[in-house]
Amino acid sequence: MSIEKIPVDILIVGAGPAGLAAAISAREAGIQSIVVLEREDFQGGILQQCIHNGFGLHRFKIELTGPEYAQRDVDMAKELDLDIRTGVTVLEVSKKRLVTAISKEGGLQLFEAGAVILAMGCRERPRGALAIPGTRGAGIYSAGTAQRFVNLEGYMPGRRVVILGSGDIGLIMARRMTLQGAEVLACVELMPYSSGLNRNIVQCLQDYDIPLLLSHTVTDIQGRERVSSVTVSQVDENRKPIPGTEQVFECDTLLLSVGLIPENELSMGAGVEISPATSGAIVDNTLQTNIPGVFACGNVLHVHDLVDHVSEESSVAGRAAAAYVQGKAWEGTSIPVTDGAGVRGTVPQRLNLPDAPIDFSISLMFRPVQVFRNHYLVVKADDKVLSCRKSMILTPGEMASAAMSSQMLELCRGAKAVSMEISSQKLPVFTT
């Protein structure tokens with residue numbers, strides 16, 4: 001049985017904040033034939049269950065809840081008459097930009113796209129990836145699942161709660177569960193620093209007297225039918241439990257907030273090269289992957305702290321995909337971007353510089369490998385220091401960035417590599 005190929009200029013996988021922002025910017029760049037496919041029955045992605053405020057301060061200069069933020073993009077997409085199809089599951093993306101999808105209404109469909117934008121978001125790391133010993137009773141949830149139960153479906157997962165991991169969703173759920181009448185006994189973090197934003201530590205833990213146990217982890221789970229208690233132990237510098245430091249917390253619920261993983265099964269099926277540092281695609285400054293015409297943005301590219309940055313980044317992908325379809329994309333000099341001392345997961349991983357004079361700037365985003373205080377963020381082209389900026393604090397829980405102006409990008413021409421590093425000393429900056 002042959003399936004009719006449906007032509008489309010740009011196909012976007014995912015109608016969360018990344019997919020919507022990419023679609024909006026592509027339409028504003030002049031592309032009329034755009035299709036957005038979303039497997040959920042609603043647009044807006046994970047924001048629909050994030051009913052707390054704190055969104056939109058950078059982009060809209062106003063504090064919004066997650067649904068309010070999402071609704072602004074949903075309304076804009078409707079105003080621009082974008083074709084957004086919910087309840088559609090994408091099964092495959094090929095190297096030739098053929099996208100296979102299935103839905104109740106359309107059945108099995110094959111889209112032939114001029115460009116594809118991957119915006120599938122990320123998923124939570126499950127218990128199985130942690131190898132925590134103990135029983136398998138009910139009451140163990142990822143923090144995001146608990147958030148959906150409470151905020152969207154009206155169910156309380158439990159009444160006495162321990163949270164493993166200090167990611168932002170876990171911190172926010174500590175406050176949410178407290179406000180719903182549960183007792184949050186502790187937030188337990190394996191590392192000697194929190195993996196969440198400092199503002200969430202203050203507003204979600206300290207304001208409610210919830211203890212944050214750094215350099216601790218859950219070493220046992222008790223309970224046959226349902227969790228009855230968990231054992232928490234301190235860990236050494238090698239993250240190994242220290243005998244004799246065990247504490248037992250009697251609880252009925254364990255929430256896991258132990259990291260997010262970009263949802264890249266479709267990307268890998270298309271042959272997209274994946275970075276071991278970010279678990280997302282390797283892209284250039286136009287957010288194009290190693291597959292021509294396939295772009296990636298948002299949390300499927302690398303996990304962000306703020307949705308404002310997701311939208312900003314995804315708008316770049318939308319404009320770049322539009323330029324590709326319109327034949328305006330350039331094929332210039334490609335220069336690798338590498339992680340130097342103290343830096344992990346720099347995005348983009350390549351610079352694609354046009355042969356014509358450069359009239360744009362970019363930002364290199366990364367996470368520090370540990371907490372650095374009063375250090376310098378250095379950008380180099382080979383051994384040439386392009387910038388050296390002092391930061392009061394750099395922490396793995398908050399994404400950092402370094403701006404590269406058009407003048408700095410021009411200085412990269414002819415370089416074998418551009419690198420990011422964190423230095424304890426101020427380095428002299430190259431001047432022409």
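Start by selecting Glu 421 and Lys 380: they form a salt bridge, with the closest N and O atoms 3.5 Å apart. This is a predicted model, so keep that in mind throughout.

Next, pick Arg 367 and Asp 305, whose side chains meet in a salt bridge at 2.8 Å, N to O. Arg 367 lies in strand β23 (residues 362-368), while Asp 305 is in the loop between β19 (294-296) and α7 (307-325). Arg 367 is partly exposed, at 22% relative accessibility.

Now show Arg 123 and Glu 263, another salt bridge, 2.9 Å from N to O. These two are 140 residues apart. Arg 123 is partly exposed at 32%, whereas Glu 263 is buried at 15%. Across the whole structure, a search finds 10 salt bridges.

Switch to the helices: select α3 (residues 143-153) and α4 (residues 168-179), whose axes come within 9 Å and cross at roughly 35°. The crossing is left-handed. Residues making the contact include Ala 146 and Val 150 of α3 and Ile 172 and Met 173 of α4.

Last stop, the cysteines: there are zero disulfides. Cys 204 has its nearest cysteine sulfur, that of Cys 187, 9.9 Å away. Cys 204 is buried, at 0% relative accessibility.

Definitions and conventions:
Residues numbered from 1 in each chain as written. Predicted model: local features only at pLDDT ≥ 70, side-chain atom pairs only at ≥ 80, totals over all residues. Heavy atoms only, no water. Axes fitted to C-alpha atoms, helices over the stretch in contact; angles between N-to-C directions. Helix = DSSP H or I, 4+ residues; strand = E, 2+ residues; numbered from the N terminus. Left-handed = near helix turned anticlockwise from the far one by under 90°. Contact = heavy atoms within 4.5 Å. Disulfide = S-S within 2.5 Å. Buried < 20%, exposed > 50% of the residue type's maximum accessible area, 1.4 Å probe, protein only. Salt bridge = Lys/Arg side-chain N within 4 Å of Asp/Glu carboxyl O.
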